[in-house]
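Reader: I'd like to know what lies behind the labels in this model. Can you walk me through it, with the cut-offs?

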Amino acid sequence: MERNFTGPDEYQKHFMPKDYLATYYSFECGSSSETEMVKFNLQCLHQTFGPGGLRGKTLIDVGSGPTIYQVLAACEAFSDITLSDFTDRNREELQKWLSKDPGAFDWTLVLKFACELEGNSRWQEKAEKLRATVKRVLKCDVNMSNPLAPVELPPMDCVLTLLAMECACSSLAAYRAALCNLASLLKPGGHLVTSITLQLSHYMVGKREFSCVSLTKEEVEQAILDAGLDIEQLLHSAQSYSTTTAPNKGICFIVARKRLGP
Ligand SMILES: C[S@@+](CC[C@H](N)C(=O)[O-])C[C@H]1O[C@@H](n2cnc3c(N)ncnc32)[C@H](O)[C@@H]1O
């Protein structure tokens, strides 16, 4: 394990959903680096799950954090969505939005942008559709061979994970092992959809610094192949966060398919 790795206990104690959401998802000043990163992911997700894209019944989003933007496109293509995260606070924040708690984060601007991509303006209907499609919110740890233990779900049609694996893993070896853990949740022929910030060593949540494993595009590609998946699409962008919040060097969005045999 690398020095100064932010492990599960620190996430549980110090990762504050409100600080994370305020920094990365305020979506207010249209041209901030943070907003552009959200738009990049929403555009890739729309391409992946929009017309002619992936379809299926079951999808799990792993390392959801306190966010729902990542399943706005997928809820039109999958009928049973599971959200999951390691920390209690993040799962509580998700439940607040799902149950329309008045203290929940306001996703209106992001919902409107996702609907614009789909060519409709009915963002309230989209919110209701997503609430109806999310069937459960589970605890997960990507570093365990069954990340959902003790829960066991039937093999999934799709595993989604955005901006989480590089935060949850202490080294390249741990990232490679965690990808195998995620692949084990998939049916043969099922899809992994992932977005990874490249060469990011740490990021800020409020005044706290959280570590990441710094990955290159080539390391991510090789890890996916070695986890038994074929890459069907890879979108690489130089887009990055503000250097003071998360000094990454680009981002990679990948769609990969689990091989049918060994
Ligand atoms: C940068 S946030 C990403 C959240 C969200 N997916 C997004 O796109 O904004 C990283 C997330 O990884 C989660 N995490 C950290 N360690 C983890 C682990 N071992 N297993 C699963 N999730 C973990 C954290 O709780 C946090 O929500």
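**Labels and cut-offs**

Author: Let's start with a helix: α3 (33-49) and α6 are among what covers the buried residues of α5. Contact here means heavy atoms within 4.5 Å, and helices (H or I, at least four residues) and strands (E, at least two) are DSSP runs numbered from the N terminus. This is a predicted model, so local features need pLDDT of at least 70 and side-chain atom pairs pLDDT 80 or more, while totals for chains, interfaces and linings use all residues. Residues are numbered from 1 along each chain as its sequence is written, and side-chain values use heavy atoms, without hydrogens or water.

Reader: Which residues of α5 are buried?

Author: In α5 (residues 108-117), they are Thr108, Val110, Leu111, Phe113, Ala114 and Cys115. Gly119 follows α5 and has a positive phi, near 75 degrees.

Reader: Why is Asp85 counted as buried?

Author: Buried means under 20% relative accessible area, exposed over 50%, partly exposed in between (1.4 Å probe, protein chains only). Asp85 comes out at 8%, so it counts as buried. It is found in strand β2.

Reader: And what makes β2 largely enclosed?

Author: Six of the six residues of β2 are buried, so the rest of the structure largely encloses the strand. Asp80, Thr82 and Ser84 point one way, Ile81, Leu83 and Asp85 the other, and all are buried.

Reader: Why are β3 and β8 at the edges?

Author: The open, seven-stranded sheet has the order β3-β2-β1-β4-β5-β9-β8, with mixed pairing. β3 (134-139) and β8 (229-237) each have a single partner strand, so one side of each lacks a neighbour in the sheet. On average, neighbouring strands are turned by 15 degrees against each other, direction ignored. Axes are lines fitted to C-alpha atoms, for helices over the stretch in contact, with angles from 0 to 180 degrees between N-to-C directions.

Reader: Which strands does α6 lie across?

Author: Helix α6 (residues 123-133) lies across β2 and β3, at about 60 degrees to β3.

Reader: What does Asp85 touch?

Author: Beyond four places in sequence, Asp85 contacts Gly63, Ser64, Gly65, Asn90, Arg91, Leu138, Lys139 and Cys140. A polar atom of the Asp85 side chain also lies 3.0 Å from the backbone nitrogen of Thr87. Gly63 sits in the loop between β1 (58-62) and β2 (80-85).

Reader: Where does UniProt place the "binding site"?

Author: The unreviewed entry gives Tyr20, Tyr25, Gly63, Ser64, Tyr69, Asp85, Asn90, Asp141 and Val142. They span 123 residues of sequence and are spread in space too, up to 23.6 Å between C-alpha atoms. The lining of the largest cavity includes Tyr20, Tyr25, Gly63, Ser64, Tyr69, Asp85, Asn90, Asp141 and Val142. A cavity is a set of points on a 1 Å grid over the protein atoms alone where a 1.4 Å probe fits but cannot get out, and lining residues have an atom within 4 Å of a point. UniProt annotations may be inferred rather than shown by experiment.

Note on methods: On a 1 Å grid over the protein atoms alone, a cavity is a set of points where a 1.4 Å probe fits but cannot get out, and a pocket is an open set with protein on both sides within 12 Å along at least five of seven lines; lining residues have an atom within 4 Å of a point. A polar contact is a pair of N or O atoms within 3.5 Å; within protein, one must be able to donate a hydrogen and the other to accept it, and residues adjacent in sequence count only if both atoms are side-chain atoms. Two strands pair if DSSP finds at least two bridges between them.
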